[in-house]
Amino acid sequence: MIVGMIWIVNEKTKEPTYQKEIKLTIGEKVPTNITYQLDQKTNTQTLKWEKLELEKEKIYHAGTYQGIFKVNKKTYKVKLIVIDNIEPTIENVKNIEIYENEEIDLLKEIKVTDNSHDKITIEIKGEYDVHKAGKYTLTYEAKDKSGNKKTESFNLIVKENSKNQGNQNKTSKGYSIEVKNGIYYIGNILIANKTYTLPSNYAPGLLPELTTAFEQLKQKAAEDGIELKIISGFRSYSTQNRLYNNYVARDGKKEADTYSARPGHSEHQTGLAIDVNSLLFSFGETKEGKWLQNNAYKYGFIIRYPKGKENITGYQYEPWHLRYVGDLAPQLYNGGNWITLEEYLGITSEYSN
């Protein structure tokens with residue numbers, strides 16, 4: 001009796017023997033069956049993978065995944081590890097020459113590819129000043145999801161423009177124009193409009209000075225029975241590029257330029273601009289819109305694109321678009337007749353092409 005009981009227990013504890021971990025590299029075919037041994041017999045069972053994106057049965061996304069198969073109604077797990085150890089490639093790298101004050105997108109002609117289909121990030125390493133003649137050695141750095149990095153160096157040569165000597169760093173109102181890491185500061189105010197651009201890798205998110213001020217604004221509005229909420233905050237260069245191209249495809253470039261910024265020219269990329277509540281022109285006539293018109297400046301915000309100033313700002317009236325400028329806001333409020341940043345600083349907002 002004792003021997004028989006031991007035999008029964010051993011039968012219940014028998015488990016299949018199989019490969020519990022499979023390692024593949026990017027581009028390899030993912031197995032759909034698993035071979036296992038049980039009772040000294042070799043068997044094959046269907047292997048089901050969870051959250052696995054395949055292209056013609058091949059895997060192009062690095063990471064760790066889980067698969068399962070069943071034997072005698074019991075489920076067994078298999079780990080799949082997809083390895084990517086190949087660095088991205090950067091194409092079209094070349095030295096770039098511009099004149100002082102010339103607008104430039106250093107990533108415009110750069111093409112980055114990778115053996116994986118995961119997201120690739122590319123940044124420009126190094127400092128340069130498009131307002132100061134000189135030779136700047138910079139580096140493109142591309143990185144994939146697995147941390148593989150590729151770098152390519154190039155020279156940005158900023159040539160002296162003799163025609164602009166003497167006033168090249170001043171606006172028509174006498175405010176200084178400074179460029180730090182490709183970002184324009186005019187009268188110490190960060191500017192992004194149709195004339196002045198932002199680097200494609202500039203991505204600060206919503207800046208803390210804005211979020212703190214908006215919470216104060218929101219609280220005061222609530223006390224007055226007004227509900228405010230952010231419906232659009234920071235937008236990256238790539239997001240703006242996608243949005244703008246969609247608008248161009250729908251309405252044409254000329255029309256899209258009246259209401260959407262080209263990538264690198266959007267205030268949303270500065271981290272100092274938000275859209276609140278509604279994207280309808282009629283928002284300006286609502287109680288919320290009217291409250292903002294008369295109170296936003298008290299907390300450092302301006303209505304960035306006021307009615308009647310379309311030819312100055314380059315954009316249609318947007319009662320929902322707030323820009324944080326801090327202590328300057330009361331001056332721009334001007335008793336409700338908003339002065340634009342373009343008017344105050346003596347700058348333009350016009351695309352070069």
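Reader: Are Tyr140 and Phe154 buried or exposed?

Author: In this predicted model, Tyr140 lies in strand β14 (residues 134–143) and Phe154 in strand β15 (residues 149–159), 14 residues apart, and their pair links distant parts of the chain. With buried meaning under 20% relative accessible area, both Tyr140 and Phe154 are classed as buried.

Reader: What is the arrangement of the rings of Tyr140 and Phe154?

Author: A pair of aromatic rings is described by the distance of the centres and the angle of the planes. For Tyr140 and Phe154 the centres are 4.3 Å apart and the planes stand at 15°. Planes under 30 degrees apart count as stacked, and the pair of Tyr140 and Phe154 is therefore stacked.

Reader: How many aromatic pairs does the structure hold, and what is the arrangement of Tyr18 and Phe69?

Author: The structure holds 13 aromatic pairs. In the pair of Tyr18 and Phe69, the ring centres are 4.9 Å apart and the planes are at 85°. Because planes over 60 degrees apart count as edge-to-face, the arrangement of Tyr18 and Phe69 is edge-to-face.

Reader: Which parts of the chain does the pair of Tyr18 and Phe69 tie together, and which residues form one aromatic cluster with them?

Author: Tyr18 belongs to strand β1 (residues 17–18) and Phe69 to strand β8 (residues 63–71), so the pair ties together parts that are 51 residues apart in sequence. Tyr18 is buried, as is Phe69, and Lys20 lies over the face of Tyr18, at 4.7 Å from the ring centre. The aromatic cluster consists of Tyr18, Tyr36, Phe69 and Tyr76.

Reader: Strand β1 also belongs to an open sheet of 3 strands; which are its edge strands?

Author: The order of the sheet is β1-β3-β4, with antiparallel pairing. Strand β3 (residues 33–38) pairs with β4 over 6 bridges, and the bridge partner of Gln37 in β4 is Thr42. Since an edge strand pairs on one side only, the edge strands are β1 and β4 (41–46).

Reader: Where is Ser266 found, and which backbone nitrogen does its side chain reach?

Author: Ser266 is found in the loop between α4 (253–256) and β20 (273–276), and its relative accessibility of 4% means that it counts as buried. Beyond its neighbours within four places in sequence, Ser266 is in contact with Ala192, Leu198, Arg235, Gln240 and Ala261. Of these, Ala192 is 74 residues away in sequence, although the C-alpha to C-alpha distance is 6.2 Å. The side chain of Ser266 reaches, at 3.1 Å, the backbone nitrogen of His268.

Reader: Which side chain forms a polar contact with that of Ser232?

Author: Ser232 has its place in strand β19 (residues 230–232), and at 15% relative accessibility it counts as buried. Leaving aside neighbours within four places in sequence, Ser232 is in contact with His268, Ile274 and Asp275. The polar contact of its side chain, at 3.2 Å, is with the side chain of Arg235.

Reader: What is the mean pLDDT of the protein chain, and over which residues does pLDDT stay under 50?

Author: The mean pLDDT of the protein chain is 90, and 94% of its residues reach 70 or more. Among the stretches where pLDDT stays under 50 are residues 1–11, with 0 contacts beyond four places in sequence. Another such stretch, for which the model has 4 contacts beyond four places in sequence, is residues 162–167.

Notes
Residues numbered from 1 in each chain as written. Predicted model: local features only at pLDDT ≥ 70, side-chain atom pairs only at ≥ 80, totals over all residues. Heavy atoms only, no water. Phe/Tyr/Trp six-rings, centres within 6.5 Å; stacked < 30°, edge-to-face > 60°. Helix = DSSP H or I, 4+ residues; strand = E, 2+ residues; numbered from the N terminus. Buried < 20%, exposed > 50% of the residue type's maximum accessible area, 1.4 Å probe, protein only. Lys NZ or Arg CZ within 6 Å of the ring centre and 35° of its normal. Contact = heavy atoms within 4.5 Å. Polar contact = N/O pair within 3.5 Å; in protein donor to acceptor, adjacent residues only side chain to side chain. Pairing = 2+ DSSP bridges. pLDDT = per-residue confidence, 0-100.
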